[in-house]
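Here is a walk through one structure, taken piece by piece. Have the model open beside you as you read.

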Amino acid sequence: MAFLELHHVSKSFQGSVAVEDFNLNADLGEFVSFLGPSGCGKTTTLRMIAGFEIPTAGTITLDRQDLTFVPPNKRNVGMVFQSYALFPNMVVSDNIGFGLEIAGKQKSQIAKRVAEMLTLIHLEDFGSRYPNQLSGGQQQRVALARALAIQPQVLLLDEPLSALDAKIRLELRQEIRRIQQQLGITTIYVTHDQEEALSLSDRVVVMSEGKIEQIGMPSEIYNYPKTEFVAKFVGQINLLPVEMVDREKGLVKVGEQLVHAGQTLDKVNGHQVRLAVRPEELNPGFRENANNLTGKVEAITYLGSIVRLRVEIEGHSVSLDMFNERKLQLPNVGSPLSITFPVDACWLL
Amino acid sequence: MKTRRLNLWALFWAAAGLLYFFLPMYGTLDFSLRMKKGVLSLLAYQVVLSDPQFLASFRYSALMGVITVIVSTIIFLPTIYWIYLRLIKIRPVIEIITILPFIIPVIVYVFGLIRTFGRPPLQLTLTPFKTDILITAGYVVLSMPYMYRAIDVGMRSIDVRTLTEAAQSLGAGWHQILLKVIVPNLRIAILSGALITFALVMGELILGDFLVRPALGPYMVQVGRDRAYEPAALAMLSYGLTWLCLGLIQLVSKGGTSQQQLTGR
């Protein structure tokens, strides 16, 4: 039996469905991210685990204990909020020790635990500061320490890095993962940032319109998306409408150009078929025993470490990513270009 | 050039406003100091302050003021907190209800109180103690617009819902959240509301007069009818008390913007 289980959980607000038939088993010490666009139900699901929302249907169990109707203050679940939610009237030490004080721990125990937490988040000298005397990143670290001080069974993080700038976000992301692994605490992390979800998690739950689209390890989610939504939402994807040529051999046509889809077409009967291929799988040039397409360069965009070419192929725009090496030779806009990609780099949706 | 003319106009109106406000006050102050013929003295103040009836009415109103502040805080703080937490949609309705004391004349309100609570089954005018309960309830209603708004502004300045949820996730129950998280962050708002309420009760006339209680307001009116210089001295003392309350509000508000986190912001 899993440590944290959500079993057929649903939630409606005045008739509108926010979460529908959500099932998840998270193991002890696992880091699971809920990934999806705004309004997909990820935060509502997190809030149901925290106890701030009561499911309309289904059950939530933690370590075999049914938590579905247990009030939030009786759950032993730590939560970190997007807006930090530090108590403005308390200094950092008091914020971190708040949960322990509520639990009736002795002052010496509280002081010891607070010191441990301050060391864990590398803010040993900040115990006597008020929240408004800290930077956003420091405040979020304190919020994390406060949530962990009570030694919760599960740590919940609701878009904790959204309010921070890019550099701090990256630093804190690594910090969160380090602390989570150090403590071995089961963690549920809500984000709309795919990079965050993929880099932090043991497993990712991709959600859309209140439903789970796919659950899997980051590599599965990225390399083998099960639905068009996942393919589009996680990373960049080229989706080209194709015509079937040979069902058994898996041959399709993009306009007038043949492509080997790398799979038989039995499973895609009866609906519009599209060829999916990631921009980084495409290369300029021609290769034997690979798929090759020709088109015309529409645009070139510099994105720092990569350069994105937009190539028009049979009336469709296709993105191609290249590493931005110093000696990179780029074609001119408007010039013809052949692109190539391995047969197993593409699939049909 | 235009700016300069505008500034002169602004100065002119500011001066006119100040004169309009301070001239009568100066007149009252001057008059209050002329009880002894031909010299300026504090005799009127001495007479007022040594009058046992003044001290009794002052004590009574101050006590009623303190009780009103406590009752108002106990009623409004949890109510407004709950509105912000769970019933935010009804806030506009509550706002309208809270300004009713401005719309309904106090005299109408007092007659309503007397008609309702001056006869069975809810008769509260038979003993002084019961009448004090009635007058306190009246003061709470009259001070509602000030107390509500002061706490409302405080609530608006903090993220009540997230702070509550953060405290809940750390194991806190409702009374712990209210006392350890919400109230400390609303200290200035509550203090402001309390001081305005106190000042209002100290100067209130109609409730004390019609419910026949020894409040400061009716005493001041009585003195005004019977004597010449003492009412002016009383008026100045009354101004002083109100300004003291306002000064205290300013003082604690100033503290709130410092690093001492009085407001919690």
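Strands here, like helices, are DSSP runs numbered from the N terminus (E, at least two residues, for strands; H or I, at least four, for helices). Before going on, keep in mind that this is a predicted model, where local features need pLDDT of at least 70, side-chain atom pairs count only at pLDDT 80 or more, and totals for chains, interfaces and linings use all residues. Residues are numbered from 1 along each chain as its sequence is written, while chains are lettered from A and ligands numbered from 1 in the order in which they are written.

**The three-stranded sheet**

Lys253(A) also turns up in a second pair, as the bridge partner in β13(A) of Glu243(A). Both pairs belong to an open sheet of three strands in chain A, with the order β12-β13-β14 and antiparallel pairing. Strands count as paired if DSSP finds at least two bridges between them. Here are the two pairings:

| Strand pair | Sense | Bridges |
|---|---|---|
| β12(A) and β13(A) | antiparallel | three bridges |
| β13(A) and β14(A) | antiparallel | four bridges |

Which strands sit at the edges? They are β12 (243-246) and β14 (257-260) of chain A, each pairing on one side only. On average, neighbouring strands of this sheet are turned by 40° against each other, direction ignored. The hairpin of β12(A) and β13(A) has four residues between the strands, and Gly250(A) takes a positive phi near 75° there.

Now over to helix α2 (residues 92-102) of chain A. Its buried residues are Val92(A), Asn95(A), Ile96(A), Gly97(A), Phe98(A), Gly99(A) and Leu100(A). Buried means that 20 or more other C-beta atoms, placed from the backbone, lie within 10 Å of the residue's own. The cover over these residues includes α3 (107-120) and α4 (136-149) of chain A. Just after α2(A), Gly104(A) has a positive phi of about 80°.

How do α2(A) and α4(A) pack? Their axes are 7 Å apart, at an angle of about 25°. That makes α2(A) roughly parallel to α4(A), a label for angles under 35 degrees. The axes are lines fitted to C-alpha atoms, for helices over the stretch in contact, and the angles run from 0 to 180 degrees between N-to-C directions. The crossing is right-handed, meaning the near helix is turned clockwise from the far one by less than a right angle.

On the α4(A) side, Val142(A), Ala145(A), Arg146(A) and Ala149(A) meet residues of α2(A) that include Ile96(A) and Phe98(A). Contact means C-beta atoms, placed from the backbone, within 7 Å.

**Chain A as a whole, and chain B**

Stepping back, chain A has eight helices and 21 strands. Its C-alpha atoms fill a box of roughly 75 × 50 × 35 Å along the principal axes. Of its 349 residues, 39% count as buried. Among contacts in chain A with a separation of 6 or more, 64% come from residues 24 or more positions apart.

Finally, the interface: 19 residues of chain B are in contact with 20 residues of chain A. On the chain B side, α8 (160-169) and α9 (174-185) are the elements that give two or more residues. The most come from α8(B), with six residues.

Key. Contact = placed C-beta atoms within 7 Å. Buried ≥ 20, exposed ≤ 12 C-beta atoms within 10 Å, placed from the backbone. Parallel < 35°, antiparallel > 145°, perpendicular 65-115°, else oblique.
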